[in-house]
Amino acid sequence: MSGAKASEKAPSTNWILQHPTYQQMKELNVGESEQIHAAFLVYMDLTEVRRWKEVSCVKSLDLQVVLLEAREKDGSPVHTVLPLPVHQSLCHQSIRQVLDRGFPMLLCAVASDSTLVYQRMTDGLVTPDPPVGPFEDAGRRQHRKRRHHR
Amino acid sequence: MEAPPCSQVEELQQEQEHGSSLVVGLSLCDSAPLLWRFQDLKTVRSNSLVGALLGSLPRTPRQNIRLGRPLLLMPEEERVLREHHGAAALSAWNQDAAGAAELRQRYEEEQQRSLEEQSILALEDRKLALLRAMTSSSGSESGAGSDEALQCRLLALEQNFSFPRSALAVQLSTARAGLSHCQEACAFLEADRPIREQDSPRRDARYQVFRDLWGRGFFLTSAGKFGGDFLVYPGDPLRFHAHFIAVCLTLDESICMLDVLSVARLGSNVKKTVLLCSPAPDGSVHYTSLQWSGMM
């Protein structure tokens, strides 16, 4: 029917491609558009969702990727964020190169459904947090449990 | 009779970092390095090498929680022992037929002696029991008549008593070390191909990392359960939980992001930090700690 046809709009252009930050990232000329797309999603997450401050994008010459720099709050230290599509692979050397920038590093894995997972990466041996108390001696209770289940 | 594939290798150890001078006797079963002697196990443990116990305990065989000797060393542990001051290999200890026969004869003699001892003791027990039974049943009676009857019965018992071999209580010797007397067991353990992985960059990386962490005083065990190469303990594993899961790779080895995510997630679930470890060209080792960010 003509009415239905009339209401069909022309397909709208992709808002991401038109976003100034995306275009900024493209101009960095790192090559892989997938990584740029991942970087853009992380950018949006940091700025709009988590409200981090001073989020900017940088080109990494060694790795040929877009890196992000941001602070969690005013006055907190600058973090380097490496956004990567989840199916891509990387080597320990590249991680070391990002760590060599001297800032605390976050690796962000971007899935095909745009799910984001952040990993903290630190140079050296970081002792894990100890388990939280209070601690109960399981002892007899465990034994009693087992007998009950029989 | 063929000589078993096991051989004795004595190694001289002078652990400068750990401050004690010691000798460890390594038994190679095909390519698996085993320690049998109790003193050797104590020695390696005091030098922060853990290994893995393989044997079953004679008194509690049907469980896996507490195992006994021998101690199997990881390839890295064996290599560290060898490199840490020269291995002097003694000539292989061949057990010939005469040796085995002698052991067997000694065993038979011991069994016979034990049988004789036990039958004497059993007879004594029976006599006492008989005595008790007779004096209690004929409590009030006393006199030469009952005494004579008692003597008769005791004599009859002694003449007719026999201690069957099936009633013999056998002592299991747990002090004996090695499989020298079990030819069939040795043959069973002999593998068709070497048990260890072939030389590879990954294997070398593992060793460099092991040596570095061990040199810093950590205790390391294998981390198969956690999908890593080593579990790193700040002290003896019996006293501490592991702090780290060490994943060893070369600097230019490619790893999939999904693998990084899965090992990091596992690490956070078990409260351990995942360590990416790579030996650097200058001989040091680069460590990167992987932690769950906690950013929801």
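How much area do chain B and chain A bury between them? In this predicted model, where local features need pLDDT of at least 70, side-chain atom pairs count only at pLDDT 80 or more, and totals for chains, interfaces and linings use all residues, side-chain values use heavy atoms, with hydrogens and water left out. Residues are numbered from 1 along each chain as its sequence is written, and chains are lettered from A and ligands numbered from 1 in the order in which they are written.

The two chains bury about 2800 Å², with 63% of it on carbon and sulfur atoms; buried area here is the accessible area (1.4 Å probe) that two parts lose on being put together, summed over both. On the chain B side, B:Met257, B:Gln291 and B:Met295 give up the most area to chain A, together 25% of what that side buries. Counting contacts (heavy atoms within 4.5 Å), 35 residues of chain B meet 31 residues of chain A.

What about polar links? The rule finds 16 residue pairs in polar contact across the interface, both at pLDDT 80 or more. A polar contact is a pair of N or O atoms within 3.5 Å; within protein, one must be able to donate a hydrogen and the other to accept it, and residues adjacent in sequence count only if both atoms are side-chain atoms. Salt bridges (a side-chain nitrogen of Lys or Arg within 4 Å of a carboxyl oxygen of Asp or Glu) come to zero between chain B and chain A.

As for strands and helices (DSSP runs numbered from the N terminus: E, at least two residues, and H or I, at least four), β12(B) gives the most to the side touching chain A, with seven residues.
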